[in-house]
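The following note sets out points for a colleague who has the model at hand.

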Amino acid sequence: MSEAREFKYIGQNTIRPDGFDKVTGRANYGADMSLPGMVWGKILRSPHAHAIIKSLDISKAEAHPGVLAIATHADFPSVTDEAIESGEGSSTLLDLARNVLAKDKVLYHGHAIVAIAAKTAAIAEQALALVDIDYEVLKPVLDVRTAMAADAPLLHADMFTQGLEEAPTRASNIAVRHEMKLGDIDAGFAEADVIVEREFYTPTAHQGYIEPHACTVRYDKDGQSMVWCSTQGHFDVRSSTAKLLGMKLGQLKVIASEIGGGFGGKTTVYLEPVALILSRKSGRPVKMVMNRDEVLKATGPGSASRSKIKLGAKKDGTITAMKGWLAYEAGAFKGSPVMLGCMTAFTPYAVANMYIEGFDVVVNKAKVAAYRAPGAPQAEFAVEMLVNELAVELGRDPIDLRLQNAAKEGTQTIYGPKFKRVGLVECLEAARDSAHYKQALQANQGRGIAAGFWFNVGGQSSVVINMNPDGTGTIVEGSPDIGGSRASMQMMAAEAMGIAPGLLKPIIADTENVAFSQGTGGSRTTFATGMAVIEAAEDVVNQVKQRAASVWNVTAEQVDWADGVATNMAGEERLTLAEVCAGAERTGGQISGRANINARGAGPSFAVHLCDVQVDKETGKVDVVRYTAVQDAGKAIHPQYVEGQYQGGAAQGIGWALNEEYVFSADGLMENAGFLDYRIPVASDLPMIDTIIVEVPNAFHPYGVRGVGESGIIPPLGAVGYAVESAIGAKVTDLPLSPPRVLALIQGNT
Amino acid sequence: MMAKLHITTSINGDATEFLCEPHDTLLDVLRNDLQMTGTKEGCGSGDCGACSVTVDGRLVCACLVLGVEAEGREIGTIEGVGDNDKLNVIQEKFLEHAALQCGICTPGLVVSTQALLTLNPDPTEAEARYFLAGNLCRCTGYDKIIRAVLDAAATMKGAA
Amino acid sequence: MARVVFSSEQQRLTKEAECDVVASTYRQLIDAVITRYPRLDRDDFMRMAIAIDGEIIHEPLLETVGDNSEVHFFHFIAGG
């Protein structure tokens, strides 16, 4: 393990190996692939939020000159309700099929119904207008309160709530009820001297990746179908697409393009199965690219939430009880991350008595997809707002109160296991000791602190490292690089082999050229694929030692390997890596290291953020004037990219807290499906985002790595929310804190 | 179907001709007709800056310019930045400062930064942030981008 | 003996908060738990991740369980 280890390459800020291509525009993303004979696919989308499709007539569209193929839900072979795991909550294949192309009912504004392939994109669009659909418009359900009411219009006549004490007899919009507990919640509140309780609301927010979904596909009858697409997980694309289309996995090759952002939103499929149907029917390669309107209307955002949280504490600051009620919008089909909200909400705290209930609720909006630590930001916002309120009630510093109740090694989590070593205390201390925390506030400013927790996952990764005769090598891995992870792979392999990183080229191979690797998400890549890279590199070293041993006619144990050189300990001969590789043909063939692992022991990453805001009392505008993100990385392989994850998560969370939301008309039509009005932070909105990397090594990774990608989006909602509350002296409960809302709070009208 | 129009232009100093429909944007032409995919589409409505190019030296969103407007003009795209195998200072600083994670916004930002530093070789942090406010980045939170831009400015000034 | 600790949702079916079972492998653990609580769905349980002494394992089919291990079953977590 790595407590006091000195690294040769780990911890440096190398230039990423794919950098040249990225800064010159040469890197190829989802929409950058063209094939000979290619045609364009476009999708007809529902103009209604909730309607029955009474009839569908594609005959005029089919007859339009230049139209080559049309696809509808009827083109899926019969699909079962087999469960599939997605990034955040489980879903079924049937739901996926109905989301990709609507069957019988449209369930949200923008729901895909028909796809048309034509010689040009313009012709395809013209043909969409020739499709005749007769709708019976139904009343839409647009929020959890309405959806959960007994008389609510139902999205699915066959949805019966799971997780209730008694099996229900009436259908509902509540898909699942979850419940988790520790200790005795009533006893916990009975012990408390101070109780705080409040309801909160967070809006639907989109991951906001700048690159829309895109794919270029070719269906071949001889079984060589190919999909090029922008995705976080090309093996998952292969699996979902093959299942939807009744294909064998061996018939479908999926190539992951470079990806222009995902954040969880590209862990499912929208276009790929549709494009393959069009390619099959037209006999041509098909390219499909979403526009921004489609991305915002029809791809899965992060869930909106309502929550009720109640906390109790003794006068001495011991929190004795934490209770919660969460209802998350799943969108049109079940599968919000509310269970993950239940698992994470109270987890930064070592409290004996906890109770939380969570409801997965369908509404007439786009089916949600994973969004960076799915389910955690919503619930943690509410909890952290109240912990800050509790601190005020108890007359305690908010960091100090958290330190007193912080989860640590041995703390019992609400979802079952006790923690191994974790770094929340270290993060809280770093926040407390930071220059930011010592800085005094000015007039009209407020400060908020918040913590956050994410499990991080391990899972399956496969790596091969092929060494060339000149001592250079290729690291063949299968984790699409969404943030610079291939640079870390290069460094971890270099460290394990004792050679310069520049000698090794990391590539992300397609589904036929590398063994199965789970998708890039869950903060798993540097941890799990990194672990596989290290194991494959160690395999290379073992082989190199054996080759050298055979050249010198000694045993491998008599060969020392250091800094890229093999030394015969029984003699004095030396061979460089290049020399061993040059002779590989004669000593057994090309040297190729391999690892196929299912990584376990992913270490959780805790984060603590500090936010100072200044509020303009006349306009309600909130400016973030100072921001510090503290987070435990275990061991930062490439510090700049770790900082980048902290800063990126903070920016998304700040946007969610201050301005991002979906605006719907009374009929459920989305009104702000563009970057002008779905306003994510721009360069002039933010200050420099200071970062503090805490390193409490994860004993289960050879270099101590903890995933860091997700935890950073969790604290900002509470940190910003409480900073505003503190600046204006009025309770904040609803996000986003856009100027009209802040002004209303200031003026006392809520 | 309307007849296509024949356009004569210059892109990154190369004389270029293409055919396009009247409604095609410069972005469509660059990416689909000329296979110059370095310029990216993020929104198609001029709100994200991923398609930043210059027209006669003026920074614009290619999705808001019609292909026919390229007639007789000088177009500058990311493909024209730096030499064939040599990065310019801005590109180097972006890499040095890790000012990109997924990289989709990077071509647009490099073109915009070049336009900024041509107009204002010594911007303050605030000036840089406001000039680049039209280039959205979802990955980085802008911190490292701004550092790269200010460092590029300082380096270019020092070399001047 | 391994101690299996049940979540409150699982307790609805087991009626007990925890139990001790004789098992040294994951398969033996599943067999023992399903035998003791026939209302539990074997397939559901085998799809779940488990934590053995705090270490979360997503594919536990080949896992061994120690003499005094504490085991929890819960749903697969992915992320975004």
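The model discussed here is a predicted one.

1. Packing of α3(B) and α5(B). In chain B, α3(B) and α5(B) pack at an angle of about 45 degrees, and their axes are 11 Å apart. The two helices, α3(B) and α5(B), are therefore oblique to each other. The crossing in which α3(B) passes α5(B) is right-handed. On the α3(B) side the contact is made by B:Leu109, B:Thr113 and B:Leu117, and on the α5(B) side by B:Ile145, B:Val149, B:Ala152, B:Ala153 and B:Met156. Divided by class, the residues of this contact are 7 nonpolar and 1 polar, with no charged residue.

2. Packing of α19(A) and α20(A). In chain A, helix α19 (residues 639–658) packs with helix α20 (residues 715–728) at an angle of about 50 degrees, the axes being 8 Å apart. That angle makes α19(A) oblique to α20(A). The crossing of α19(A) and α20(A) is right-handed. From α19(A), the contact draws on A:Ala650, A:Gly653, A:Ile654, A:Trp656, A:Ala657 and A:Leu658; from α20(A), it draws on A:Pro715, A:Pro716, A:Leu717, A:Val720 and A:Gly721. By class, the contact of α19(A) with α20(A) comprises 9 nonpolar and 2 polar residues and no charged ones.

3. The sheet of chain B. Which order do the strands follow? The open sheet is formed by 5 strands of chain B in the order β2-β1-β5-β3-β4, with mixed pairing. At its edges stand β2 (14–20) and β4 (58–61) of chain B; each has a single partner strand, so one side of each is left without a neighbour in the sheet. On average, and with direction ignored, neighbouring strands of this sheet are turned by 40 degrees against each other.

4. Details within and across that sheet. Strand β1 (residues 5–11) of chain B runs antiparallel to β2(B), and 7 bridges join the two. Helix α3 (residues 106–119) of chain B lies across β3 (52–55) and β4 of chain B, and runs at about 40 degrees to β3(B).

5. Chains A and B. Of the 2 pairs of chains in contact, chains A and B share the most contacts. This contact takes 41 residues from chain B and 44 residues from chain A. On the side of chain B that touches chain A, α2 (89–96), α3, α4 (125–131) and α5 (143–159) of chain B each supply at least two residues. By class, that side of chain B has 21 nonpolar, 13 polar and 7 charged residues.

6. Chains A and C. Here 36 residues of chain A are in contact with 19 residues of chain C. The elements of chain A that give two or more residues to the side touching chain C are β9 (174–182) and α10 (338–344). With 4 residues, β9(A) gives the most to that side. By class, the side of chain A that touches chain C has 14 nonpolar, 13 polar and 9 charged residues.

7. Chains B and C. No contact joins chain B and chain C, and their closest C-alpha atoms lie 14 Å apart.

Conventions:
Residues numbered from 1 in each chain as written. Chains lettered and ligands numbered in written order. Predicted model: local features only at pLDDT ≥ 70, side-chain atom pairs only at ≥ 80, totals over all residues. Contact = placed C-beta atoms within 7 Å. Nonpolar A, V, L, I, M, F, W, Y, C, P; charged D, E, K, R; others polar. Axes fitted to C-alpha atoms, helices over the stretch in contact; angles between N-to-C directions. Parallel < 35°, antiparallel > 145°, perpendicular 65-115°, else oblique. Left-handed = near helix turned anticlockwise from the far one by under 90°. Pairing = 2+ DSSP bridges.
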